[in-house]
Amino acid sequence: MSKSRFSKDQMKAWRRDGAVVIPDFFTPEEVAAVVADFEAVFGKPEHAGEELNKKGEGVVGRFHPSQFKDIQPIPIDCSPALNLIGVHPALIAFAKQALETDDVRVYQCQSWAKFTGDSDYDQPFHTDFSNHTLTVPSEDAAKNSITILCYFSDVTDAHGAMHFVTRPDANSVGADPELSLSRDPVVHAKLQTDLVPLTRSSASTAGTAIPYTIDIYHRGTNLTAPKGHRYALMTCFRKAHDDAIQFTAWAFHHTKPWQKIFENATTEQLAVFGVPRPGDPFWTETTIARAQMRYPGWDLTPYRKALAKKKPAKRKAAARKNARRVMPAKRKVARKAAKRKRAA
Ligand SMILES: O=C(O)CCC(=O)C(=O)O
């Protein structure tokens with residue numbers, strides 16, 4: 001078995017603090033392949049310039065659409081490296097342990113390039129629950145979801161390292177997650193002032209993973225390094241069957257190059273997108289044939305093998321049931337033809 005990419009202590013830290021920085025999560029080879037895709041998709045960082053500072057005096061930061069300009073959710077028209085890094089088996093393993101389940105779904109996965117001067121990337125401290133659920137975060141971290149921010153370039157504080165406040169630290173100043181919804185400027189200003197002294201930086205090297213969760217105060221920070229860039233990916237997991245957590249409805253984006261994912265993912269990686277695993281009753285000879293038509297390059301061997309292993313009697317019964325369900329019109333025509341033949 002391959003060595004775990006995170007330790008028990010790092011998992012404990014995530015549970016206690018709500019965020020943890022895990023350097024060297026990805027190998028240098030994985031990082032290099034993903035960087036090549038970032039450069040192909042977003043262009044080499046040559047256009048990056050000098051720091052842009054649009055903040056008023058004493059303001060921590062504000063949200064601005066230009067901060068989100070270079071976000072591309074998967075699938076992306078590039079190699080499998082960037083398309084599949086957000087469902088790396090080690091990320092799935094972390095999410096399963098963190099959420100105390102053996103079945104998770106990926107519900108957001110987006111690459112995000114930032115370049116010095118393209119925006120003032122400084123944001124206010126905020127929590128993410130408001131666009132991941134229609135309700136509020138549970139006090140039990142395993143009942144929420146997990147976001148994992150992954151760095152594919154070296155990220156210092158001058159390269160826009162994400163800043164965060166641990167859950168115990170936020171609790172110590174009464175910064176409950178729902179305060180980030182307040183529109184009251186006094187409440188907002190006090191929240192920022194309370195959190196600034198408790199800030200921790202996620203600055204780290206390329207290949208770092210930073211799992212955090214939806215009740216944790218954090219903020220994007222500005223890129224101040226001349227000609228600097230930051231290549232990152234955000235991937236979010238929820239428990240399978242947890243309807244409370246949402247972001248991307250994958251099939252809504254059906255015109256994107258899904259073959260990049262289907263032709264290169266393992267069955268377990270596909271399962272986190274909601275594709276039934278081999279052996280699932282969903283897979284019949286008909287559904288396998290239909291799936292093959294939709295994705296001609298997808299190797300469905302594991303699904304075929306699992307179907308072949310099913311007891312012949314069970315398979316026959318399933319095939320009969322399936323035929324009744326999917327081809328009633330065809331059967332009706334055949335019955336009528338037989339009747340006509342008998343009558344003739
Ligand atoms: O990019 C980052 O470092 C964090 C961004 C963030 O927190 C957000 O946009 O909600």
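In what sense do strands β2 and β8 pair? β2 (residues 104-115) and β8 run antiparallel, joined over 11 bridges; strands are DSSP runs of E with at least two residues, helices are runs of H or I with at least four, and both are numbered from the N terminus. Two strands pair if DSSP finds at least two bridges between them. Before going on, please note that this is a predicted model, in which local features need pLDDT of at least 70, side-chain atom pairs count only at pLDDT 80 or more, and totals for chains, interfaces and linings use all residues. Residues are numbered from 1 along each chain as its sequence is written.

Now turn to helix α4 (residues 89-99), where L91, I92, F94, A95, A98 and L99 are buried. Seen down the helix axis, these buried residues fall within an arc of 160° (taken from the directions from the axis to the C-beta atoms), so they line one face of α4. An α-helix has 3.6 residues a turn, so residues three or four places apart point the same way. The buried residues of α4 pack against several elements, including β2, β3 and β8, with contact meaning C-beta atoms, placed from the backbone, within 7 Å. After α4 comes E100, which has a positive phi near 55°.

Note on methods: Buried ≥ 20, exposed ≤ 12 C-beta atoms within 10 Å, placed from the backbone. Contact = placed C-beta atoms within 7 Å.
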